[in-house]
Amino acid sequence: MKVHKYDTVIVGAGGAGMRAAIESTKRSRTAVLTKLYPTRSHTGAAQGGMAAALANVEEDNWEWHTFDTVKGGDYLVDQDAAEILAKEAIDSVLDLEKMGLPFNRTPDGTIDQRRFGGHSRNHGEAPVRRSCYAADRTGHMILQTLYQNCVKEGVEFFNEFYVLDQLITEVDGVKRSAGVVAYELATGEIHVFQAKSVIYASGGTGKFFKVTSNAHTLTGDGQAAVYRRGLPLEDMEFFQFHPTGIWRMGILLTEGARGEGGILRNKDGERFMEKYAPVMKDLASRDVVSRSIYTEIREGRGCGPEGDHVYLDLTHLPPEQLDAKLPDITEFARTYLGIEPYTDPIPIQPTAHYAMGGIPTNVEGEVLSDNTTVVPGLYAAGEVALRGLVAHRAVDGRLVVVHAADRAHVD
């Protein structure tokens, strides 16, 4: 057994983990433990963009963004946390730009923005262009940019190390984080990492579901490690379903496809979202769109011999627009379904996408052992339960502790 001593240990090397590492390594000796090579983390599968009220294309502000976040969470959202999210999302995107992320650009050179589900102006009046994007490979670009900057800052990575257990000490009845135990996949050796602080950024639990957009690696390992040490998990029943996964496969087709003008149609060719969300239509929030799709299917208007899906129609969009803005999406349709998205609608169904619960934290990212008690030295970011900020998928879903990660909302 090998013993390592660090100031900070970060479990997970996706968007949240590497963004936290860039900050912590400037102030403390930091180790990042990841069961994958960092650039294979699931953040790389995110596609359509990240929400921030930059107002580069249309009038927008963080207050409208906050409203969309609270409303999109069916008013279960912790409103202080939603305000922090919306305000800090702006600087988070600009930080990524300064790190070198190649965002799409407007003609005057600023970060381009497009529409996404749940993004509205003037408190729900109409859709607004809020999503900052790099074609339909935004997550891939985020991951590569963060990894390059981690290398630049000298972050110490332990790749293909599987965290088995969380170390907890207890003095005078107070539990405190002491480090983690990890298994080195290449050698089978056990490693103990002693640390003053441990940050969990280990992703979600989507592989629990049969049809999911999540990779095989998203099995809730970090959450399980904390739970085994007697700490609670919160809001585990809240799970976001993305409306447009490839039929029966779950492979994600970004919300950006509808942001660029894609339309959902039933077997009669009807644009059915007009019935369920007359203002936002196909750009309603994800729970609304997913429920609407299943309503169409249950009422017999689903497509195909079994009536178990609907269509995402991009055929009215110019091929050059699809090639420029949605190159991966069109290629997915050709590769996995054998159809031509220029001329054929794409069969889709809602797919398990994002865990809204997890390790409970406050707005500072500190892990809680009950409603108020902080566990000293233990933090979490990414797919966590941020003290009641649940069911949040108003703007493409991905809730993070913004000060620890630059994924304000990422599809």
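Visitor: What makes the approach of the side chain of Gln240 to the side chain of Arg286 a polar contact?

Guide: The two side chains come to 2.3 Å in this predicted model. A polar contact is a pair of N or O atoms within 3.5 Å, where within protein one atom must be able to donate a hydrogen and the other to accept it, and where residues adjacent in sequence count only if both atoms are side-chain atoms. The value of 2.3 Å is within that limit, and therefore the pair is listed as a polar contact.

Visitor: On what basis are such values counted and numbered?

Guide: Because this is a predicted model, local features need pLDDT of at least 70 and side-chain atom pairs count only at pLDDT 80 or more, whereas totals for chains, interfaces and linings use all residues; pLDDT is the predictor's confidence in each residue, from 0 to 100. Residues are numbered from 1 along each chain as its sequence is written, and side-chain values use heavy atoms, with hydrogens and water left out.

Visitor: How confident is the predictor, in pLDDT, about the protein?

Guide: The mean pLDDT of the protein is 91, and 94% of its residues reach 70 or more. Over residues 388-409, however, the pLDDT is below 50, although this stretch has 124 contacts in the model beyond near neighbours in sequence, a contact being heavy atoms within 4.5 Å.

Visitor: Is Gln240 buried or exposed, and how do you know?

Guide: Gln240 has a relative accessible area of 2%. Buried means under 20% relative accessible area, exposed means over 50%, and partly exposed lies in between, with a 1.4 Å probe and protein chains only; Gln240 therefore counts as buried. Its place is in strand E10, where strands (E, at least two residues) and helices (H or I, at least four) are DSSP runs numbered from the N terminus.

Visitor: Why is E10 called an edge strand?

Guide: E10 (239-246) belongs to an open sheet of four strands with the order E10-E13-E12-E11 and antiparallel pairing. E10 and strand E11 (263-265) each pair on one side only, and are the edge strands. Neighbouring strands of this sheet are turned by 45° against each other on average, direction ignored.

Visitor: What lies across E10, E11, E12 and strand E13?

Guide: Helix H8 (residues 286-298) lies across E10, E11, E12 and E13 (346-355), running at about 60° to E10. Axes are lines fitted to C-alpha atoms, for helices over the stretch in contact, and angles run from 0 to 180 degrees between N-to-C directions.

Visitor: What makes strand E5 largely enclosed?

Guide: Six of the seven residues of E5 (residues 126-132) are buried, so the rest of the structure largely encloses this strand. Two bridges join strand E3 (residues 50-51) to E5, with Cys132 in E5 as the bridge partner of Met50. Five bridges join strand E4 (residues 113-121) to E5, and Ser120 stands opposite Pro127 in E5. Both of these pairings are antiparallel.

Visitor: Which residues have the most contacts inside the largest nonpolar core?

Guide: They are Met18, Val93, Leu96, Phe103, Cys132 and Phe157, in a core of 27 residues. Such a core is a set of buried Ala, Val, Leu, Ile, Met, Phe, Trp, Tyr and Cys residues joined through side-chain atoms within 4.5 Å. Helix H4 (138-153) is one of the elements that give two or more residues to this core, and H4 gives the most, with five residues. Not counting residues up to four places away in sequence, Phe103 touches several residues, including Met50, Val93 and Cys132.

Visitor: What makes the phi of Asp74 and of Tyr75 worth a remark?

Guide: Most residues other than glycine have a negative phi. Asp74 has a positive phi of about 55°, and Tyr75 has a positive phi of about 60°, although neither is a glycine. At 46% relative accessible area Asp74 is partly exposed, whereas Tyr75, at 51%, counts as exposed.

How values were computed
Two strands pair if DSSP finds at least two bridges between them.
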